[in-house]
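Biologist: I'm new to this one. Can you put it on screen and walk me through it?

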Amino acid sequence: MGDRPSVIRLQRPSTARAPSFLESIAEMRALGETIWEGWEPGPSESLADFVRRLQRAEHSPAPGRVPESIYWAVRDGVVVGRIALRHRLNASLEEFGGHIGYEVRPSARREGVGKEMLRLLLARPKARELGRVLLTCAPDNIASNRTILANGGVLTRSAFVERCRRRTNYYWIDLSSTTPTTSRGSDRA
Ligand SMILES: CC(C)(COP(=O)(O)OP(=O)(O)OC[C@H]1O[C@@H](n2cnc3c(N)ncnc32)[C@H](O)[C@@H]1OP(=O)(O)O)[C@@H](O)C(=O)NCCC(=O)NCCS
């Protein structure tokens, strides 16, 4: 298995890809990983409404949430990850969460997907527009720390976040001085 995935594309949520996305969530749940509220369809929400909600998050987020662009990382027709770019920080995200959240489907981990989908997201116009993005992660989440470092993250501080009762590393990635790269797998949108 090579370090870099063959072809990864970031795609907007769609009903066509939703079953594959939900399989990836099921894999995470089977491992006892955190599934945050809103990642799945609600009890009385159809698949189409679920997808529309994810798409709308960019312009009309749920109350109390900042706008975010959500993408599914697709490889060979399979959703192998999810990554979201929040358009701005609020006090809560400054403390925990940052601009970007991501997960890779457990069965596709350690194949370079995390690094590649973050690279693709950082090359998107919205990220370039922000110029500088904050990412937070637990110090013991080796995979996430390395994913961020591989994409130019600079660790600026580490602090205990009372609200989540966990220590958090704060990384900034400066996008103002770098040129987005377009290697295989880059998306065109
Ligand atoms: C963090 C996560 C997205 C990484 O995705 P991934 O596709 O497995 O990562 P990659 O294969 O691109 O590897 C990225 C780096 O982490 C390293 N890595 C990945 N998994 C690792 C592990 N279990 N232990 C040690 N290092 C690991 C890789 O070697 C690589 O480092 P390198 O470039 O220095 O060689 C994935 O582990 C995940 O979804 N974790 C659960 C959710 C999560 O933690 N999200 C982030 C919250 S801040």
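Biologist: Which residue lies over the face of tyrosine 170?

Modeller: Arginine 157 does, at 4.0 Å from the ring centre. A charge counts as over a ring if NZ of Lys or CZ of Arg is within 6 Å of the ring centre and within 35 degrees of the ring normal. Before going on: this is a predicted model, where local features need pLDDT of at least 70, side-chain atom pairs count only at pLDDT 80 or more, and totals for chains, interfaces and linings use all residues. Residues are numbered from 1 along each chain as its sequence is written, and side-chain values use heavy atoms, with hydrogens and water left out.

Biologist: OK. And what lies over the face of tryptophan 172?

Modeller: Arginine 132, at 3.9 Å from the ring centre.

Biologist: How many aromatic pairs are there?

Modeller: Two. Rings of Phe, Tyr and Trp (its six-membered ring) pair if their centres lie within 6.5 Å; planes under 30 degrees apart count as stacked, over 60 as edge-to-face and the rest as tilted. Phenylalanine 21 and phenylalanine 50 have ring centres 6.3 Å apart and planes at 25°, so that pair is stacked. This pair links distant parts of the chain, with phenylalanine 21 in helix H1 (residues 18–30) and phenylalanine 50 in helix H2 (residues 47–56), 29 residues apart. Helices (H or I, at least four residues) and strands (E, at least two) are DSSP runs, numbered from the N terminus.

Biologist: What about phenylalanine 21 and tryptophan 72?

Modeller: Their ring centres are 4.5 Å apart and the planes are at 10°, so this pair is stacked. Tryptophan 72 is in strand S2 (residues 68–75), 51 residues from phenylalanine 21.

Biologist: Is phenylalanine 21 buried or exposed?

Modeller: Phenylalanine 21 is buried, and so is phenylalanine 50. Tryptophan 72 is buried too. Buried means under 20% relative accessible area, exposed over 50%, partly exposed in between (1.4 Å probe, protein chains only).

Biologist: New topic. Which residues of helix H6 are buried?

Modeller: In H6 (residues 142–150) they are Ser144, Asn145, Thr147 and Ile148. Seen down the helix axis, the buried residues of H6 fall within an arc of 160°, so they line one face. That arc is taken from the directions from the helix axis to the C-beta atoms.

Biologist: What covers the buried residues of H6?

Modeller: The cover includes strand S4 (100–104), helix H4 (113–122), strand S5 (132–137) and strand S7 (166–174), where contact means heavy atoms within 4.5 Å. On the face turned away from the buried side are the exposed residues Ile142, Ala143 and Arg146. Just after H6, glycine 152 has a positive phi of about 90°.

Biologist: Which residues come nearest the ligand?

Modeller: Of the 18 residues around the ligand, Val104, Gly112, Gly114, Lys115 and Asn141 come nearest. Being around it takes a heavy atom within 4 Å.

Biologist: Where is an oxygen atom of the ligand relative to the side chain of arginine 146?

Modeller: The ligand oxygen is 2.8 Å from an N or O atom in that side chain. A polar side-chain atom of asparagine 141 lies 2.7 Å from an oxygen atom of the ligand.

Biologist: Where is arginine 110 found?

Modeller: In the loop between S4 and H4. Arginine 110 is exposed, with a relative accessible area of 86%. Its phi is near 65°, a positive value in a residue other than glycine.

Terms used
A polar contact is a pair of N or O atoms within 3.5 Å; within protein, one must be able to donate a hydrogen and the other to accept it, and residues adjacent in sequence count only if both atoms are side-chain atoms.
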